[in-house]
Each structure stands twice: as structure tokens, then as C-alpha cells.
Amino acid sequence: MTSGFLAAINILTKPLSEASVRDAQSSHQEALLAVLRNNRSLLLQQLQSESSFEEVKKLREEVMSAAEWFSTDPEDATWGFVQECLLLLLTLARHISNELKLFKQKSSSVAKNQTPEFAPPLPPDVLSVNQQKTLRAALQFVVSLGLCPYLASGVGVPLSCRSAFGAMVEKLVRGGVVSAGGRRLLTTTNVLLQLAELSSLATLVFTQHLGDVMAALCQLGYQPHRVERGGTEEEKMQELSAEERRTCREALKSLLGKVYQPIVIKQLLILQGGPRQSGAAGSSSGSGSRAALGSAPAWLRRLCGQLLSERLVQPNGVQAVVRAVLEGGTGGESDWRKCDGVARILVACPQQSTSADSYYRQVCPQILQLLHFKDKLAAQQFQLVATRAALSMVQEKPTFAHQYLLTPLLQPLHRCTTASNESRDPAAVEEWDLTRCVEDVYKIWVVGNSPSASLLKALEEVLPVIFTLFCFTKQNVSHLRAPCQDILLWYLSHTEASEALSTLRQLSGLQGQKTEASDFYFTPGSDGGARFDSRENCSDEDDALYEKLSGEQWRLECLMHLLAELKDSDLPGDFFLELLQELTSWTAAADEVRKDEEELDVSTMTLLEVEQEVLGRAARQSLRLALLQVLAIMVESLQHNTLLRKPNQVVDFIVTLVQRACAGLDRVTEPSPENPIESQTLSMGMGLVATLLSGPELGAEDYSSMSRLLSPLETLSQNHSDVVVQELASNLRAVIATHGAIRPEDLTAAAAQASRKPETTVKNNKVSSRRKQKIQTEGSDSGTRPRSSPQDRNPPSNAHITHPVSPGGSAAAKTTRAGRTSVPCSSTKPFSDWLLEACDPEVPTRAFALRVLTQMVQSGNPEVVQAQEKVLTLFLENLEHEDSFIYLSAIQGLAALADSFPERILERLLKDFQHGPSLPTSDQERCLETRLKVGEVLMRASRAMGELAPHLGRPLVGVFLQGTRDPDQSVRASSLSNLGELCQKLDYALGPLAQELSLCLTALIKTEKEAEVRRAAVHVIALLLRGLSHKTTQVLSDVLLDLYRALKWVLRSDPDDVTVLHAQLALEELDDVMRRFIFPEQKLEKKIVMLP
């Protein structure tokens, strides 16, 4: 039985009682020797006398007869004890081997008769916890007494550095005669390797003593052999033979190949020792684990370096090195330093490597593999090591980095530019490949954030492909959108300004050709990514042209989105100014180009030359159109503070405007109605210059930057046909040239006059446009703008000019209840005229009249009160108008009527909202749109009810609840929105309606298919909780749990993100309510009660 063998080992290793060794305790070493002798003697005695050890004794004698190294009467007590331990361990290993053979024979026959529910029998090599503890003690004695003391100085970790007991054992063994140390070391190592042939024993040996076994094999196989001349014959016989050394080397190689590689690498790093130290510096500095790693011998350092290099270049070697160094880390600062240290190790080519090319060819692919770990615990550290290693290699070894690191990493993006239809696979780049490539680029370039020329150049080559992929992801839901955007922004932020501008020109289509393969395009992937597939040829030319134009337009919009993200950069403004300068240069060269085209004699040219000339003209024209398109989209999409962030950019912009105006002086010699754009542009530029010069104190740098305006301003002052512009240009030039010493007083006023002059000249004959301008001017700038000229004060009969009003009349600008300034109305024009103008076909006139009627309703005009039915009909008719300027004015008027005459007006509006417009002239095809507009009126009326909501709101609640069952989803959403606004005002009046309201909302949340309606239902709950606030627990006590469960159901089950967001907001409102209810605010107050 295995227990008998382990009992024998336990006798050998157990400590004796204190009374047994009391006489020998003059010192710790003597006490230890006494224990070793007594245990060995006790074991031999029991083996001879005890019948239970009969099998152990027999098998021990067989093993002893085969062991040539065993000595029956050793002079050294410690070695005699080690011999007995080794003998018993070998005996146990042979016994277990025999039992395993019998077990395999029996299991094959028994397995045929067993049913599946029977548990399989345990193999005989399974050891209990106590048995493993006994074996660990025996192994520890063997290693401490028979292996570590015979290691050379600097080989392995000394026993004295492990524990105080180890230091005592080291002195005990080295104090005796150890002339046969090498032979004893070989014996102990061979026995341990024999034990490791059994898997159950190998685990016990290598979990705690792997480093010691490796140190012993390194010393036995690789330590330089030195034979002293004066050595005795016995010492020479104790030396190891060449065959034995070769066997140890092979055993070391086999051991390193079997064990888990990170553990092997960790042990090799320990064997390699710490840095070389000299004299007192080495002894005084360092402590703890650093002191344990003493300086190893030179031959051992070289051997460990070679073995580490071999581990590194083998498959998954880099991963093993990283795991060996970083396993067990906590993520603190020390781990970051370790990652950086491992990265430097990977970048440095070992001296033992055959060539740098072969080393980097094997290591670089493994570095890229570190970026793809899915394990969250190890992925962060692995990615950090890979990123640092890649960036260091790019800086220190740019040639190898480009060949073996960047090129394979960017290969999927390069394939997007070189794809062809010759390959059988329809997908040039698969989704997983493209996703991995984009993520790797993001990790190294963006997360690493260490810009260098090599990295920027490598990224520049594939940047158009990444931009195309970004444009594709903007049209779909894809997880690649954010990394693509960050990569593009990183490049534009870190590259040189000239390179960034060139890249923007290329991405906008103004420079270079399309880089992607024309027969391929990006398509959605199955996992939320994208794949590069072959494109089917479009047979319809119109569809192909539309697809091309819409694609170019979308690319420009995506580019504007990127520029809008660069809020703290001057790049958008520089790009805008560069395009303006190019436009100015084309304007200046337009006459020369036109003259060359007129002088071109086609009759003297060949057909090929004519074709080339025509194609050249078309290319130039398309480039000009593309430039204008880019400028137009930039002006529409980007804010002015993004385009022109700094004063020098504003000055550059003005210089461009004025130069373009000067370039057009030769072509336009006098202002004309056919050419207002140049005049307006010039006036705007002059006004900007005057504003800058009229600002606070300007410095020398500001005047220096404006000095570029001197030449174009001089040209304008001499050649422009308008006297006002000439005078203004001359004044501006004088201020800039003298740095403000000469400053006309009316500089800003003159600029304003110049900017108004073209508008007056060009639009003098356009009555409707002038009326619209007059209405807008009187509504926003009344009292601040000087009156127009007599020619302009000739309005038609239905226009009106604001005049001073007597104290008894209405104010010129009455402030509405919302706090905004309303449109001024006249106290002299009769009410009937305003009714007629509200039917005028011109939009500005009609809208102005509707605003005036709304103001009359709000002020309680008696005529409006008498003719409220006519006013209501008029507003309802204009509510169906298609122009937003008209129907928004009608909505405002109806809301004012509902506020002033709620009973009658609300009843009419509720019918129209329920059943559609009731007017005979109503367009039934636009019934839905009209109902939604009426819903907007009802929402505004609900907000304006205030304390009257409990009285006036009951009919509205019923209509809105019925509207939630309307067939159209827009009406259902509108009803819910109005219901939420109204419920905020009802307070305690909501109590009787709570059950009905709760059932309606919960049913819609769980059964409604349209996401828009579910959003509105959840939003009603949020508004309800927000409006009731601390009254929630009183008003909604019966339904509060149902509402809470409905919100939690939305969080768990609703697929719409916006609905989930509304539910989260509602739960936050409910959380605040319940916190205030459970933990009310403590008020420090006293109550005095007067007793009768």
C-alpha cells in the first residue's frame, strides 16, 4: 500500500520531541544533526522490526541494489540522511509505477461492465493532502541538504537568503568535508528528475524546486571544468565525465521544453542574477529581493541570456516573456514600469541572435499578437507592452519596424487600394481583418500618442481609406466609427500644418485621385463592422452619376464634421483661408484664361490636341466647382469661431476678400444690379476692418499683421468707381499706415453706410423684398437704425411705418408674457384692415398682420372680443398654410385666444384635434398635419393654464387619452406629449385619474411597436414625477409601484436607447422623490402650544 511508504518517509522527516534532543541542544546545528541521526536510526530499526513495512523493506532493497551512488556507512550524517530520503522517494516512485500498471490493466476490463452512472475509480497516484505534505517535507530536506549546499557561489538563490533555517543548514553542510560535492549534486538532481517522470510527483517537485533543479543542471552541464594540478586521485575520480555533462545538458533542454514557459523564463531571470555590483557599492545598496539576486558567474549569465533568447524567438515566446514579468501585477506604477522594461527588452536584439533581421522577423508578428488578447485582465498590460514596443522600435529601428511591424499591421488597409476582381473571393478584406486592423492602428497611434515621422508617413498612406471607412460608418451603426474618427483627428492634430492642409485637400477631392479600388466598396458586416466587397456594375448612367455626386457630398459633410471637432486647432481656419486665396488667384487669372481661350486657333491643332484642350478645360472647370462646393459647405457647416479663431486669421480673411475685390475692378468698372455680390463682399470686408480698427487699444503686432492691407486698400482708393468706398479705403489705409495716429471720427459710420448702399441700390425696385426687410427691421432694430431715404419711405397701402405714440395709445414695442418683444402695432390703423392683411397673399404681410392680431388678443382689445369668432376662423385657416412663418404665427394666436377665452376656444380646438379640421375650406389630404399643429396649440394652452388647470384640464385629459389609441403614431405621440405637459399642472386633481392614466401608460410601454410612442409614454411618467415632486407619494400612492415596475421593464427589455434614457431620467426623478420622503429635511424649529 502507498500509505506504508509514506509512513516510512514520515518517520524520516518528522521532528523529535524536545525531551529527546535536550542533551544535544548546545547549538542549533548540533540539534539538527541529532534529529537527522535519530530519525535515520529509527527508520532502519522499524524497517527491520515492523511487519507493516515488509513491502517497503523489500522494494527498498531492490532500489538500493540498483543505486550505485548509495553508501551504507557514510561519514557525513547529513548526506546519509539525504541518501535515505532519496532511496525512499525512489521506492515510492517505483511502487506507484507498478500500481499504475495494474490499475490500467484492471480498468480496461472493469470499464466494459460498468454503467455510465458509476463513478470511475481513483488512480493509485492520487495523494491526500497529508500525504502531499509529507512528500513536500521530504523534498525540502533533499533540496536543502543535498542540492543547494553543493551549488557554486552565485548559482541560484542561496539558502541564507531564503530563511534563517536555510542559513543554518548552509553552514552545517559547508562546515564538513564536501570534496565529492559535484557527484552528490548529480545524484540528487538525477533522482529528482526520475521522480518527475510521474505526473503526480512532478507537480510536487517543480512547483517549489524548479529553480533549484534548473540551477543544478546548468552547473552540471555548463560550468567550466577546472582541474587543479595538486589534486588527489580520489578528487579526480569525483569529477563528472563528458557523457554525464552532455546528459545534464539534454535534461535541461528537455525540462525547459516541458514546463510552462512563463515560469521557465521567470526562473531563468532569477538565475541570471541582478546587475553587476562592485565593492562597497554592491554591498551597501539594495535590499530585500534585490539583495537575493546577487551577481551570477559570467558563464551562467551568458547561458541564461542564450536560453532566454531561445525562449523569446520560439512561437508565443514574446507572450511567455510578458506573462513571466507581469503576472501577479496590481496595475500600479510598478507594473507600468515593468511594461516599459519588457518593451525595451523586446526591441533590443540579443547578442546571441544570429542576425537582427531574423530576430525582428520572428518577434514583430508576436508583438502584434499581443494587441489581440480578449482577456480583460491581461489585455491592458499586453496592449501596453505591445504599444510601447512598437513605438520604441519605430524610433530606434525604423527600417525593421516598417518592414516587419507597420507593413503587416496596415496590410488590410493597403489591400483596399490594390483590390482587383481577378481574385475569386468577392470580399477583398473580411470584416474581422478590417476591424482588427483599425483597432490596432487606434491602439498604437492614438493610445500610444507618440508621433514620429515614420508613424505619420505610414498612416498618411492609408488615411484616405480610413476616411472612406469613416464616411461609411457615419451612414450606419458601427463600432468602427469612433476609432476611425479618433485616428483621423490624431493625424490632423499631430502632423505638420502643410501636410495636414495637403491631406484635407486630398480628402475633399481637390487634390489627387480616389485611392480605393473602383470596383469595390464598403458594406456592413455581420458583427457591426465593415467589409470591403466587390461592386456590381450599375447599368443606369443616371443612377451612377447620382451615386457619385451624393457620395462626394457626403464625404464633404463628414470632413466638415471632423473639422468641427478640431475646436482648439487653427487647421480649419488655415484650410478655409487657403481655399479663399486659391479662389482669389483664379479670379485674378480669369481674364488671362478667357483671353487665351479666345485666341486659341482650333484649325491649326490636331484632333488629339483639341481633345486634350477640351479635357483640360473641363478638368479646370470641375476643380473650380469642387472648390466652390467645399467653400459653401464649410461656410454652412462650421461656425465662425471655428473658421476664424485668431485675429491674424481674421486679417487673412479680410485680405483675401479685398484682394478678390481688387481683382474684379478691371472686369466690373461700375456697380450694377447684375453684380451685387462683389459689392456686398467688399462692404463686409471694409466693415470688418473698420470694426477691428475701432476696437480697444491695438498693439504693434496687430498693425503689423494689417499692413498687408495697405496695397489692396490703395488700389481701391484709386480705382474703385464708388466715391464712398474710395474715401473709406483711404481712411482705413491712413489708420493702418500711421498705427492709429490718424483716426477719422466717423470711420465705423462710414463703413456702415457703405455696407447699406449696395442693398438700397440693387433692391430698390423689389417691393415685396423691401417690405419683408422693413418688417424684420422694425421688429428687431426699431429705434436704433437711422431712417431710410425719402425714396424708400414710399410704402404701399398695406405697409406701415412706426411713429411716436401718445401716452394713451398702445406701446410701440409691447413685451409679451414670455418675455420677448412683440411685433409693434399701430394705434391708428382700423381693426378691419388688419383682418384684410391677414389674408394677403404675400407671406411677410400676412405674418405681420397675424402677429399684430395676436398682440391685440393678449391686450384684450374690445374689437377682438366682439369678433373673436372671425379671429378664430382666421387663425384656423392660416394654421393650414404651408409656410412656417404663417402657421407658427397662427399657432401663437390660437394659444393666446385659448388663454383669453378658454371655455369656447378649447372646445373647438379639442374637436379639431380629435376629428380633424372642421372648416369647409380645409384640405383633407393634410388633415394629419393640421391635427399635429392643433396639438401644439393645446400644449401651449396647457402650459399657460397655471392654477386653472384642475378646472379646465379635465376635458383635455379625456381627449388626450383617447388620442393615445389613434391609428397614426404621430398623433399618439402628440397626445402623450400634451398629456405630460398637462399632468404637471393638475396636482391633487390628478388623483381620480391616476389608475386610468397608469394603465394607459404601462400598456403603451409594453405593447406599443413604435419607438417614438414608447418614448413619449415614458417621458409622460418623468414629467408627472417632476411636476408632482413631493406630492407624488400622496397623489400616486396606488399606482406608484406599477409605474416603477414599468420603468424597470423598459431598462431591461426595451431595444430603443432613447426610451431607455427617458426611463433612467424618470427613475432618477422617482429616486429623488423617495429620498425626500424617507429622509425629510430636518428643520430646527420650536412649537409653542397654548393650552386652554
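## Basis of the description

Helices are DSSP runs of H or I with at least four residues, strands are runs of E with at least two, and both are numbered from the N terminus. In these terms, Asn316 belongs to the loop between α14 and α15, the latter spanning residues 317-326. The model described here is predicted.

## Overall architecture

The chain contains 49 helices and three strands. Of its 1092 residues, 44% count as buried. Among the contacts in the chain with a separation of 6 or more, 72% are accounted for by residues 24 or more positions apart.

## Helix packing: α8 with α14

Two packed helices are described by the angle between their axes and the distance between the axes. For helix α8 (residues 199-222) and helix α14 (residues 298-313), the axes come within 11 Å and cross at roughly 110 degrees. Because angles of 65 to 115 degrees count as roughly perpendicular, α8 is roughly perpendicular to α14. The crossing of α8 past α14 is right-handed.

On the α8 side, the contact is formed by Cys218, Gln219 and Tyr222; α14 supplies Trp299, Leu300 and Leu303.

## Helix packing: α37 with α39

Helix α37 (residues 843-859) packs against helix α39 (residues 868-879) at an angle of about 140 degrees, and their axes are 12 Å apart. Since the roughly antiparallel class holds angles over 145 degrees, α37 is classed as oblique to α39. In this pair, α37 passes α39 in a left-handed crossing.

The α37 residues in the contact are Arg846, Leu850, Leu853, Thr854 and Val857, and those of α39 are Val871, Leu874, Phe875 and Asn878. Six of the contact residues of α37 with α39 are nonpolar, two are polar and one is charged.

## Helix packing: α40 with α42

The axes of helix α40 (residues 884-900) and helix α42 (residues 927-945) come within 9 Å, with a crossing angle of roughly 40 degrees. Roughly parallel applies to angles under 35 degrees, so α40 is oblique to α42. The crossing of α40 and α42 is right-handed.

In α40, the residues at the contact are Tyr887, Ile891, Gln892, Leu894, Ala895, Ala898 and Asp899. They meet Lys933, Glu936, Val937, Arg940, Ala941 and Ala944 of α42. The residues of the contact of α40 with α42 divide into eight nonpolar, one polar and four charged.

## Buried positions in helices

Met168 is located in helix α6 (residues 164-174). Its relative accessible area of 16% makes Met168 buried, because the limit for that class is under 20%. Leaving aside residues up to four places away in sequence, Met168 touches His28, Gln29 and Leu32. Met168 and His28 are separated by 140 residues in sequence, yet the C-alpha to C-alpha distance is 7.7 Å.

Thr473 lies in helix α22 (residues 453-474). Thr473 is likewise buried, with a relative accessible area of 0%. With residues up to four places away in sequence again left out, Thr473 touches Ser478, Leu480 and Arg481.

## Loop residues with positive phi

Most residues other than glycine have a negative phi. Asn316 has a positive phi of about 60 degrees although it is not a glycine. As noted above, Asn316 is found in the loop between α14 and α15. Its relative accessible area of 44% places Asn316 in the partly exposed class, because that class covers the range between under 20% for buried and over 50% for exposed.

Asn449, which is not a glycine, has a positive phi of about 50 degrees. The loop that holds Asn449 runs between α21 (431-447) and α22. Asn449 is partly exposed, with a relative accessible area of 43%.

Methods:
Residues numbered from 1 in each chain as written. Predicted model: local features only at pLDDT ≥ 70, side-chain atom pairs only at ≥ 80, totals over all residues. Heavy atoms only, no water. Axes fitted to C-alpha atoms, helices over the stretch in contact; angles between N-to-C directions. Left-handed = near helix turned anticlockwise from the far one by under 90°. Contact = heavy atoms within 4.5 Å. Nonpolar A, V, L, I, M, F, W, Y, C, P; charged D, E, K, R; others polar. Buried < 20%, exposed > 50% of the residue type's maximum accessible area, 1.4 Å probe, protein only.
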